[in-house]
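Reader: I am new to this structure. Please take a close look at the part where the two chains meet, and describe it in one connected answer.

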Protein chains: 2
Amino acid sequence: MSASGKGPMEFFFDFSSPYGYFGSCRVDDVGQRHGRDVIWRPYLMGAAMKITGSEPLVQRKMIAEYAHHDITRTARRLRIAFNPPPPPFPIASIAPCRAFYWLADRDPLQARDFARRVYAALFIDGHNISEVDMVVELAASAGADADETRAALADQAVKDRLRQETDGAIARGVFGSPFFIVDGEPFWGNDRLDEVDKWLETGGW
Amino acid sequence: MSASGKGPMEFFFDFSSPYGYFGSCRVDDVGQRHGRDVIWRPYLMGAAMKITGSEPLVQRKMIAEYAHHDITRTARRLRIAFNPPPPPFPIASIAPCRAFYWLADRDPLQARDFARRVYAALFIDGHNISEVDMVVELAASAGADADETRAALADQAVKDRLRQETDGAIARGVFGSPFFIVDGEPFWGNDRLDEVDKWLETGGW
C-alpha cells in the first residue's frame, strides 16, 4: 500500500523493448498523479512469447518496417531521447534482469535507477546491455559494488529469483512489454498508459 | 482531393475485426474535423497475416483472454454498442468484402452504409456475416437489389476486384485492422486514431 492507502501499480517490461523504455519514462508520473506506488518488474518476455507464439515485431515481415517507423515516431511525439539500437536487436536481457532483482532486494530505488541506466545505455547510447561487463558498469554507476554485482550475476539464487519473477508474471497473464496491472486490471502497451491514467482518474468504466 | 484541397485519409479494415469496427465508428469524424475525405477499404486481412506470420489475437494463448477483455473495455470507453459475437469467430469476410466493392463502384455512400450494417450485424446482433444470404439481406437493407447482389457475389470480375484490393493494400504495407494512411503516413490500430487526429491537427512531428 502507498501512503495514499491505494494499491500499487505494477509495471512489467523487458529491457530489450523500445515500448517498454517509453513506458519507463512515463509510468512513475502516472503513479504519482494518482497516489500509487509503482513496482517495476522486469522479466524475460521471450519466455512469454514462446507460449503466445509471438515473434519480435522488428523481426516480422511487413510489421518490422512499420514498427521501426512507429517507434521513432512515438519517441518524437513523447519527446523521449531515442536512437535505434545497432544490431543485434532485440538482444538478451537476462544479465540486466538478474542484476535488477539482486539490487531490488537490497535497495529498490537503486534498482530503479539502475533500470533507467540500462534503458538509456541501450536506447540512447547503443550499448550492448546483454554483456556482463556492461551490466556491471551500469550497476556501479548506480552505486553498487562492481565485484559484488559480478558475483551476483553468476549466483544460482539470483538466477532462480529471475526465473520465479518471469514465471510469476506469466502466471498472472503478462505477455508483453510494457504491461501494467493496477487494481487487478491489465493494460498491454505503451499506448495504453494514457488509458491507465484515465482509469485511475475516473475509477474505471 | 476533398473540397479542402487536402489528400484523402484511407481506412483499411477487415469486416471480422472488432478494432476495425471501433475504427469505423470514429474515422469519419476524424476526417471531417480536418477536411479530409475518408476512403473505406475493406480487405482480407488473413492474406496479410499469412505474410506476417500472425494469428488472430483471440486465438492465441494468453493473448486471447486479454484481447477479449480489452475489446469489451474499449467498447465501453468509446461508448460503442458491442456484443461479443458468437462462435465461430473470427469468421471469413470474403462475401461482405466482395459486395462492398461491387456497391462502391456504383455508389460509394451506399457501400459505406452497407459496411456499417455489416459491422452492426456482426458486433451488435451476432449474425454470421460470412453467409451469402446475410450479405444479400444487408445489401438490400442499404438499398441494393437483392438478386443483383447475389449474382455479383458469384461474378469473377467482382472476385478479382477484391483480390486486387487486398493485394494492393499489402503492397502498400497494410497488414492490420484498422490501418490508416494519410499523407503517406501509416498508423496501425484503433488506438492510433487519436494520434492520426493529432497528426492532422499539428501537421505531424
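**The interface of chain B and chain A**

The same surface serves both copies, since 97% of the contact residues of chain B recur in chain A.

This is a predicted model, in which local features need pLDDT of at least 70, side-chain atom pairs count only at pLDDT 80 or more, and totals for chains, interfaces and linings use all residues. Residues are numbered from 1 along each chain as its sequence is written, chains are lettered from A and ligands numbered from 1 in the order in which they are written, and side-chain values use heavy atoms, with hydrogens and water left out.

In contact (heavy atoms within 4.5 Å) are 31 residues of chain B and 30 residues of chain A. The buried area, meaning the accessible area (1.4 Å probe) that two parts lose on being put together, summed over both, is about 2900 Å², and carbon and sulfur atoms give 56% of it.

Between the chains there are 10 salt bridges, each a side-chain nitrogen of Lys or Arg within 4 Å of a carboxyl oxygen of Asp or Glu. One of them joins the side chains of B:D191 and A:R192, at 2.8 Å from N to O. Helices α3 (45-52), α4 (63-78) and α10 (193-202) and strand β4 (185-188) of chain B each supply at least two residues of the side that touches chain A. Helices (H or I, at least four residues) and strands (E, at least two) are DSSP runs, numbered from the N terminus. The most comes from α4(B), with eight residues.

Helix α10 of chain B holds B:W199. At 10% relative accessibility, B:W199 counts as buried, a term for under 20% relative accessible area, with exposed over 50% and partly exposed in between (1.4 Å probe, protein chains only). Leaving out residues up to four places away in sequence, B:W199 touches A:R73 and A:R76 as well as B:E185, B:F187, B:G204 and B:W205. B:E185 lies 14 residues from B:W199 along the chain, and their C-alpha atoms are separated by 9.4 Å.
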